[in-house]
Every structure is written in C-alpha cells, then in structure tokens.
Amino acid sequence: MNVLNDKVLETLKCPSCFLYMKGPIYVCLSGHSICRSCWMANSCPVCKLALTDTRNFSLETVSTIVYYPCNNVESGCQQCLPIEEIDEHHLICDYRSYACRLSKYCSWEGTRDELKKHYFAKHDNNILIGRECFSLWKQEKPDYTINMIMAFDEMFYVHVKRRNDINYWAVQYIGRSEDVILFCFEVHIFTDQFNDRKLEFSEICHDDVKDDIDDIIDSGFCVAVPLNVLETYTNMEGVVFYKIEIKRA
Ligand SMILES: [Zn+2]
Ligand SMILES: [Zn+2]
Ligand SMILES: [Zn+2]
Ligand SMILES: [Zn+2]
C-alpha cells in the first residue's frame, strides 16, 4: 500500500471506535468527524461538544477512493480493496475465522487449521473419514444432519435435509472459495433387493460461505430425491443405504 493511501486511511479512523469510517460520516459542532454508530452517542468523544446532523461529504467521497486493508491483516492477509469490495472479501478471505458448524450450541471460532483440530477434539461423532462414506437414511431420522468428511486431506460439510417431500444432499468445501471447483461429489443410492436398481448423482460442491442449508437448497445445486422414490429403496427395516463420494473435479 502506498504512503498517501496510509495517511488518508489514518484520517478515516473514527476517533471513538478507531474503525475506518464510511458514509454517512457526521460532524460535531467544532468539526470532528465521527462514524455512524458512534454518532448515536450524546457528545463528541474528542471535544465533548454536541454531535450534529451535518455530514462530512468530502470525507465520505474520500472513503470511496481509498483502498482499505483486510480486517485479517494481523493474521497475514495483504489484500487491500475499495470500500465496496472489502466486505465481500472478508467473507472469502483465506485468513478469515471459521465458526464451528457441527453443533448449534458450540460458539467456537478460529483458523481453518484450528477448526480441524477442534472438530477432531470435540465433534468426532460428526466426522466421516475417506473419499467414500457409506451411510443410511431412515424416514424417522432427524430431518436435518450435518457431518464433516475428511477426504484428500481436506474438510467438507455434508448436509442431508428432508424438506417438502424431497430429500436433499449438499456438500460444501471448507477453505478458499476459489478452490471449490477442484472438487465434486456423488451420491449412490442402492438396494440389496434388486441389483439392477440404483440411483446415481453427480453434483458440484459449494464454498463454505453460505451457512444456511435452505439457501444452499434454494440455489438448486444439490442432489434432490423425492421421498416417494427414496422409499422404494428401503429394505425390510425401513432403511435406505447410500454412499457419498467426494471426487476431484
Ligand atoms: Zn466510531
Ligand atoms: Zn468534536
Ligand atoms: Zn483478507
Ligand atoms: Zn464446536
């Protein structure tokens, strides 16, 4: 980053919260600029005079020209982007923090390497190991499960969800969004009653940015099998055997 950009960034730091300001930027009676969230306070943090409704449009314009460093700069990210792109980058940044997704009661967050250790230490019941994982589907099972598959030394989430008479399988690659195209997955559904009956699907993986399974299903990029079809694969015990396989695309 160049020196001028650094100097301008310095003037864009809110004197109250020390985060970079972006529009709307407000001023106090004596002219100090302040970010929108700190403007909600009663008085200017610098001179204690009242805050006004007056905006600092010149500084707002400057904020749209300058390049902002990524929030993860301390962790090693060198990326600097204009204000309208930096928030999008934070979602896919290689140095972003990953939240634990295997339990809704767990609030753990950390780097991707730490995430792997966390999963093996705390959620090993939800880990499947190997490219080919055999599993079973039952009508009365919970209508949503999430597990982590370790394959090719990489981590993937596998979601299985029953919604509106359809059963869905979706896979997310945990890592850099640009690497998601390196992988795909297959679902094989079979029955021990008829050797000639099987269903096979091949589908792309998602990145791990979306955290709501319904959004992933709504994107259409997932394996979808109507329940009435799936039920024809159940054995005497009401169980459907299937295999999920992570593949290199
Ligand atoms: Zn502030
Ligand atoms: Zn002031
Ligand atoms: Zn970054
Ligand atoms: Zn956890």
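Helices (H or I, at least four residues) and strands (E, at least two) are DSSP runs, numbered from the N terminus. In those terms the protein comes to 7 helices and 16 strands, and its radius of gyration, taken over C-alpha atoms, is 25 Å, well over the 18 Å that the globule rule (2.2 Å times the number of residues to the power 0.38) gives for 249 residues, so the protein is more spread out than a compact globule. This is a predicted model, in which local features need pLDDT of at least 70 and side-chain atom pairs count only at pLDDT 80 or more, while totals for chains, interfaces and linings use all residues. Residues are numbered from 1 along each chain as its sequence is written, and chains are lettered from A and ligands numbered from 1 in the order in which they are written.

**Overall layout**

- The protein is divided into domain 1 (3-65) and domain 2 (125-248), with bounds that come from an automatic or database domain assignment, and the centres of the two domains, taken over C-alpha atoms, are separated by 49 Å.
- Along its principal axes, the C-alpha trace spans about 80 × 35 × 30 Å.
- Buried residues (20 or more other C-beta atoms within 10 Å of the residue's own; exposed means 12 or fewer, partly exposed in between, with C-beta atoms placed from the backbone) make up 21% of the 249 residues.

**The four-stranded sheet**

- An open sheet of 4 strands has the order S9-S16-S13-S14 with antiparallel pairing, where two strands pair if DSSP finds at least two bridges between them.
- Strand S9 (132-138) and strand S14 (198-204) stand at the edges, each with a single partner strand, so one side of each is left without a neighbour in the sheet.
- Strand S13 (residues 183-190) runs antiparallel to S14 and is joined to S14 by 7 bridges, and Phe190 stands opposite Lys198 in S14.

**Backbone features in loops**

- In the loop between helix H1 (3-11) and strand S1 (26-28) lies Pro24, which a cis peptide bond joins to Gly23, with omega at about -5°.
- Lys48, found in the loop between helix H2 (36-39) and strand S3 (51-55), has a phi near 70°, a positive value in a residue other than glycine, and counts as exposed because it has 11 C-beta neighbours inside 10 Å.
- Asp153 lies in the loop between strand S10 (144-151) and strand S11 (154-163); its phi is near 60°, a positive value in a residue other than glycine, and with 6 C-beta neighbours inside 10 Å Asp153 counts as exposed.
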